[in-house]
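Hi,

Here is the structure I promised to pass on to you. Have a look at it first, and then read my notes below.

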Amino acid sequence: MAEMEDSKAKSSSGSLFFNRSFTMNSTAAAESNSPKFHLLLNSPSSLNRAASISRFYNSFDSVKGKVKKLCNLFESAKSSSSPSNLASPKETSPRVVLRPSKSIAYSSSFSLSFNNSSIRLPGTEDRIVVYLTSLRGIRRTYEDCYAVKMIFRGFRVWVDERDISMDAAYKKELQSVLKEKTVSLPQVFIKGKYVGGADVIKSMFEVGELAKILDGFPRRQPGFVCQGCGDVRFVPCWNCSGSRKVFDEDEELPKKCLECNENGLIRCPDCCS
């Protein structure tokens, strides 16, 4: 009897264990089917994540669509420019009306102003005269003078450069010719006719009018430099050696040299004679 009671107790305890596990599993299943679990699935964070993922794929699809459109556009442009799609010779092309450019108008105005110039520099009908300065006190003026000098040097023509910083008499001469007290530099005369300043020379050079005017002038050798003055156009006075004073033996007194300018310089006899 005791053994039967012990077996019953063991069977009852086993059944209780299995019942407990079943109840635990059933409760877990019940909890999973409970409204709380559905609330977790339907929470705002999970919905936002799903929305962001769908938005990403939608944007990717839109980018792919734009790329396809661009590819189609380039393919259509290539196909239109291919020789097979070109217009046949029989088709009439639109008529293009050519208008004279501004440079041609400038060229004609320069030639007219040069031929009808009323300002003349006597004694210079066979040369090019440029009034300029070699001082760098005013940067813009020096750059304009240097640019004009380089333009004429590119044509390899001899230019009578009259530097007013070397000789003040040239400034007075220019003022009397232009009949103005205040003059700007540089100023150019070709064949005795007044041409203009740096802007005019640059414009004439750009449109090709300057080359036509300088056609009759003799050309120098490339890289030619005067051996007497180094293309400065001035040398120290030989009479006073640049001191501007000479000794008078009769009166035994120093006197002012009459052959040089205020700087003790004279024109180079080799290139300015």
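**Helix H7 and what follows it**

Let me start with helix H7, residues 198–207, whose buried residues are Ala198, Ile201 and Met204. Looking down the axis of H7, you will see those buried residues fall within an arc of 135°, so they line one face of the helix. On the face of H7 turned away from the buried side you will find Asp199 and Glu206, both exposed. Just after H7 comes glycine 208, with a positive phi of about 90°. Do keep in mind throughout that this is a predicted model.

**The largest pocket**

Next, the open space. Rolling a probe the size of a water molecule over the atoms shows where empty space is left. The largest pocket holds about 160 Å³ of space. Its lining is made of 13 residues, and those nearest the centre of the pocket are Leu132, Ser134, Lys149, Glu161 and Asp163.

Where does the lining of the largest pocket come from? Helix H5 (139–154) and strand S2 (159–163) each supply at least two residues, and H5 has the largest share, with four residues. Both domains take part too: domain 1 (111–221) and domain 2 (225–272) each give at least three residues to this lining. Sorted by class, the lining of the largest pocket has six nonpolar, two polar and five charged residues.

**The enclosed space**

How many cavities of 30 Å³ or more does the structure hold? There is one, and the volume of this largest cavity is about 50 Å³. Lining the largest cavity are Lys149, Phe152, Arg153, Val157, Val159, Glu161, Arg220 and Arg233. H5 and S2 are the elements that give two or more residues to this lining, with H5 making the largest share, three residues. By class, the lining of the largest cavity divides into three nonpolar, no polar and five charged residues.

You will find arginine 233 in the loop between helix H8 (209–213) and strand S5 (234–236). Is arginine 233 buried or exposed? At 3% relative accessibility, arginine 233 counts as buried.

Serine 241 is another residue other than glycine with a positive phi, near 60°. Serine 241 sits in the loop between S5 and strand S6 (245–248), and with 61% relative accessibility it counts as exposed.

There is also a cis peptide bond, which joins leucine 185 and proline 186, with omega at about 0°. Proline 186 belongs to the loop between helix H6 (168–178) and strand S3 (187–190).

**Cysteines**

I also looked for disulfides, and a search of the whole structure finds zero. Cysteine 240 is buried, with a relative accessible area of 6%. Cysteine 145 is buried as well, with a relative accessible area of 2%.

**Two more places to look at**

Phenylalanine 155 is in the loop between H5 and S2 and is buried, at 16% relative accessible area. The C-alpha atoms of phenylalanine 155 and phenylalanine 217 are separated by 9.6 Å, while along the chain these residues are 62 residues apart.

Arginine 267 belongs to strand S8, residues 265–267, and counts as partly exposed at 21% relative accessibility. Between the C-alpha atoms of arginine 267 and valine 232 there are 9.2 Å, and the two are 35 residues apart along the chain.

Cheers

Technical notes: Residues numbered from 1 in each chain as written. Predicted model: local features only at pLDDT ≥ 70, side-chain atom pairs only at ≥ 80, totals over all residues. Heavy atoms only, no water. Buried < 20%, exposed > 50% of the residue type's maximum accessible area, 1.4 Å probe, protein only. Arc of directions from axis to C-beta. 1 Å grid on protein atoms, 1.4 Å probe; cavity = no way out; pocket = protein on both sides within 12 Å on 5 of 7 lines; lining within 4 Å. Points joined across faces, edges and corners; volume = space filled by probe spheres on them. Nonpolar A, V, L, I, M, F, W, Y, C, P; charged D, E, K, R; others polar. Domains from an automatic or database assignment. Disulfide = S-S within 2.5 Å.
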